[in-house]
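Below are some points on the model, set down in the order in which I would go through them with the coordinates open.

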Amino acid sequence: MNKIIRFIPLILFVALGIILYRGLALNPQHMPSALVGQKMPEFVLTQLLKPKVMLTEKNLVGDIKLLNVWGTWCVYCKYEHPYLVDIAQSGRVALYGLNYKDDRDDAAQWLKDYQDPYRLSIFDPLGKLGIELGVTAAPETFVIDSKGFIRMKHVGPIDGKVWQDKFLPLIETLEKELKGVSS
Amino acid sequence: MKYLIITVLFLLTFSISAWETDTYVFHDEVTEIRYKTLVKELRCPKCQNQNLADSNSPIAADLRREVFELLEQGKSDGEIVNFMVKRYGEFVLYRPQVSSLTYVLWFGPALLLLIGVIVVVQILRKKPVEKETVVLSEEQKNKLAQILKDK
């Protein structure tokens with residue numbers, strides 16, 4: 001009995017070591033999104049390219065919607081842009097843009113200079129909808145299902161690997177759900 | 001011409017705006033104190049270990065504005081905190097709510113202290129072991145004396 005007690009500190013030390021060592025591998029930037037499973041928040045904002053058109057959450061139509069938060073000031077938005085163009089062309093999802101804390105003219109020019117992958121972009125100069133969505137910075141991308149519920153939030157740029165690993169499995173699930181509903 | 005340029009430059013300095021620094025005007029002192037406490041207790045979601053008050057990041061500035069506006073709307077502190085948690089998750093709280101996820105955080109230290117107290121009490125209550133008195137034999141005494149002497 002006494003011998004076991006003598007080893008307790010060593011056992012505790014090793015256990016603590018293992019826990020802390022595992023902690024090193026965790027990403028402290030990762031935070032679970034509070035919005036997954038919630039309904040897309042309501043909003044009233046103008047359309048980026050048509051300042052007189054008011055948009056609400058009802059303007060986001062499509063079975064599977066992607067809402068991509070972007071801005072001309074955001075470096076990684078440029079990086080993910082070609083991937084977004086591909087995604088939009090694939091036609092599997094309806095891609096919408098949320099122009100976040102940006103200048104309308106700059107943003108319009110950006111879309112002209114590159115290519116506009118979005119069905120439409122919501123113009124959110126003050127980041128109001130951004131706060132509703134819990135956006136911390138661009139780029140971020142939300143996946144919204146046919147009923148208007150947010151199913152995933154991705155922080156950071158989308159590229160081939162992220163699309164393959166994170167988005168495609170969910171999109172396949174959503175497509176199956178849709179089929180289940182219609183049949 | 002030179003004077004004109006100087007004058008223009010001089011005039012331009014007045015158009016510098018200071019929009020980055022928050023200059024919120026509060027109706028009363030209590031609201032101001034509540035604002036200051038809230039921005040200290042809410043964590044900036046983008047920056048790891050800064051609260052809203054300390055951070056310069058754009059999102060922190062936005063959230064400070066949001067806190068200010070919510071205060072203006074007459075929201076209570078609890079409502080404002082819930083507003084943030086609903087959007088950014090528990091992450092934004094420096095004092096996390098008591099839940100099954102945070103039990104270890106809240107009660108861990110007390111539990112460790114309790115274990116420590118139990119261990120100390122156990123040790124103190126243990127009766128000291130009675131010492132056996134060892135008597136040296138005559139031979140050993142001589143040997144000891146010899147050793148000491150040699151030294």
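1. In this predicted model, chain A holds an open sheet of seven strands, arranged in the order 2-1-5-4-3-6-7 and with mixed pairing. The edges are taken by strand 2 (54–56) and strand 7 (150–155) of chain A, and because each of them has a single partner strand, one side of each is left without a neighbour in the sheet. Direction ignored, neighbouring strands of this sheet are turned against each other by 30° on average.

2. Strands of a sheet pair through backbone hydrogen bonds, and the pairing may be parallel or antiparallel. For strand 1 (residues 44–47) and strand 5 (residues 121–124) of chain A the arrangement is antiparallel, with two bridges joining them. Within this part of the sheet, A:Thr46 has A:Phe123 of strand 5 as its bridge partner.

3. The loop between strand 2 and strand 3 (65–70) of chain A contains A:Lys58. This residue counts as exposed because 9 other C-beta atoms lie within 10 Å, where the cut-off for exposure is 12 or fewer.

4. Turning to chain B, helix 4 (residues 77–88) has 12 residues, which at 1.5 Å a residue should span 16 Å, and the end C-alpha atoms are 16 Å apart, so the two values agree. Just after this helix, B:Gly89 takes a positive phi of about 85°.

5. Which residues of helix 4 of chain B are buried? They are B:Ile80, B:Met84, B:Arg87 and B:Tyr88, and since they fall within an arc of 80° when seen down the helix axis, they line one face of the helix. An α-helix has 3.6 residues a turn, so residues three or four places apart point the same way. On the other side of helix 4 of chain B, the residues B:Gly78, B:Glu79 and B:Asn82 are exposed.

6. The packing of these buried residues involves both chains: those of helix 4 of chain B pack against helix 4 (128–132) of chain A, together with helix 2 (29–41) and helix 3 (58–72) of chain B.

7. As for confidence, the model scores ipTM 0.77 and pTM 0.74. Chain B has an average pLDDT of 85, with 93% of the residues scoring at least 70.

Methods:
Residues numbered from 1 in each chain as written. Chains lettered and ligands numbered in written order. Predicted model: local features only at pLDDT ≥ 70, side-chain atom pairs only at ≥ 80, totals over all residues. Pairing = 2+ DSSP bridges. Helix = DSSP H or I, 4+ residues; strand = E, 2+ residues; numbered from the N terminus. Axes fitted to C-alpha atoms, helices over the stretch in contact; angles between N-to-C directions. pLDDT = per-residue confidence, 0-100. Expected span 1.5 Å × (residues − 1). Buried ≥ 20, exposed ≤ 12 C-beta atoms within 10 Å, placed from the backbone. Arc of directions from axis to C-beta. Contact = placed C-beta atoms within 7 Å.
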